Amino acid sequence: MNILLPTDFSDNSWNAISYAIDFFDSVVCNFYLLHVSRMDTFMAGDSSYSPTKDQIEEIYIKPSKLRLKALLKEINDKRQPNTNHKFYTLADYGFFLESIRTCVKKKKIDLLVMGTKGASGLREYIVGSNTGDVITKVKCTALVVPEAAKYSPLKEIAFPTDFNLSYDLMALQPFINILKMVKASLRIVHIHKKDTKLNTEQLQNKDVLNDYFDEFEPSFHCLTNRNVEDALQCFVESRAINMIVMVAKNLNYFQSILFHSNVEKITYHTDIPFLVIHE
C-alpha cells in the first residue's frame, strides 16, 4: 500500500503521521513524507520576479530535505521499528495541490493521510484550508486526522448516507479494504426530519447497500431529528464511534451534517478521524 503523508512539520501533521503508523501497523506500506515549499511565499513581494532553478534548490529544496531528514530521525527515535513499513521523503516547490496531484499519480498513492487543526479547523477543512482543498479537489481517498485524535483499535464505524447513491459502488472498495483489516462494526446512519419517509428509490438503495456490505453484517440506524448535526452527535457519543466514512460526492450533504455554524458547539468530532472516499 502506498500512503502519502503531506507534512508542514506542525504538531497536527506529526499526529497524523503517528496515527497512520499505528493504523497500518500490520500492513506492508510505503509511506511518502512530502513537504511542499509554497510558491506564493516567494511571489508575494514582486509578481514579475521568478526564482531560478538554483535559487529554488538553495532557498527551498535543501532546507526542506534537511527538515524531512530530521523528521525521519524523529520517527525512528519515537516509534517502534516496524518491518512492514518503509519511509521515503519528497521535497517539492510550487503549488500545494499540484504537488499532491503529481505525487498521487507518480507514486501510485492509495491513500492520503492529513492532519487538521482543532474544532474550527474541522469546520473549515471543507472550505478553504489545505486539507479541505485536498479532499475536495484531489481524486484520492483521504484519511483526515483531527489534532486531538489518538489511535485506538476501531470498534465502530459510522457511514452516514442519504440513500441517494450518486456514485458507483466500486468507489467504496477502499472502505471494504479497511473493514476487512479492522473487523469493526459497521453502522449505516440515515438522518431525516420528522414525518418524512424513504421513497422507493431510497428503499432500493438501502437494500443495495445491505447486499454490498453483507459480509460485515451492517446495522441500519434511522434517526429522526430536525437538527441533523445533533442527531449524529448523539449517535456518535452513544455508540463510541471511532471513525466516520464519507463519499466525496456527498460532501455537501455531509457539510450540513458535520459542521455547526457555531464553533463552540463542536465537541464530538474533534477527535474522530474521517475517511473521505473518491470515485
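1. Basis. This is a predicted model, in which local features need pLDDT of at least 70 and side-chain atom pairs count only at pLDDT 80 or more, while totals for chains, interfaces and linings use all residues. Residues are numbered from 1 along each chain as its sequence is written, and side-chain values use heavy atoms, with hydrogens and water left out.

2. The second largest pocket. This pocket holds about 250 Å³ of space. A pocket here is an open set of points on a 1 Å grid over the protein atoms alone, where a 1.4 Å probe fits, with protein on both sides within 12 Å along at least five of seven lines; lining residues have an atom within 4 Å of a point. Grid points are joined across faces, edges and corners, and the volume is the space filled by probe spheres set on the points.

3. Composition of the lining. Helix α7 (residues 173-182) supplies the largest share of the lining of the second largest pocket, with 4 residues. Helices (H or I, at least four residues) and strands (E, at least two) are DSSP runs, numbered from the N terminus. By class, the lining has 8 nonpolar, 3 polar and 3 charged residues. Ala, Val, Leu, Ile, Met, Phe, Trp, Tyr, Cys and Pro count as nonpolar, Asp, Glu, Lys and Arg as charged, and the others, Gly among them, as polar.

4. Positive phi values. Most residues other than glycine have a negative phi. K108, which is not a glycine, has a positive phi near 50 degrees; it lies in the loop between α4 (96-106) and β4 (111-116). E217, likewise not a glycine, has a positive phi of about 45 degrees and is placed in the loop between α8 (200-212) and β8 (219-224). K108 counts as exposed because its relative accessibility is 63%, and E217 counts as exposed at 66%. Buried means under 20% relative accessible area, exposed over 50%, and partly exposed in between (1.4 Å probe, protein chains only).

5. Packing of α1 and α3. How do α1 and α3 lie relative to each other? Helix α1 (residues 11-23) packs against helix α3 (residues 53-78) at an angle of about 50 degrees, and their axes are 12 Å apart. The two helices are therefore oblique to each other. Axes are lines fitted to C-alpha atoms, for helices over the stretch in contact, and angles run from 0 to 180 degrees between N-to-C directions. Angles under 35 degrees count as roughly parallel, over 145 as roughly antiparallel, 65 to 115 as roughly perpendicular and the rest as oblique.

6. Residues of these two helices. I17 sits in helix α1 and is buried, with a relative accessible area of 2%. The C-alpha atoms of I17 and L5 are 6.6 Å apart, across 12 residues of sequence. E57, in helix α3, is partly exposed at 32%. Its C-alpha atom is separated by 10.0 Å from that of A91, 34 residues apart along the chain.

7. F96 belongs to helix α4 and is buried at 14% relative accessibility; its C-alpha atom is 7.9 Å from that of S37, at a chain separation of 59 residues. V134 is in helix α6 (residues 130-137) and is buried, with a relative accessible area of 0%. Between the C-alpha atoms of V134 and R101, 33 residues apart along the chain, the separation is 8.9 Å.
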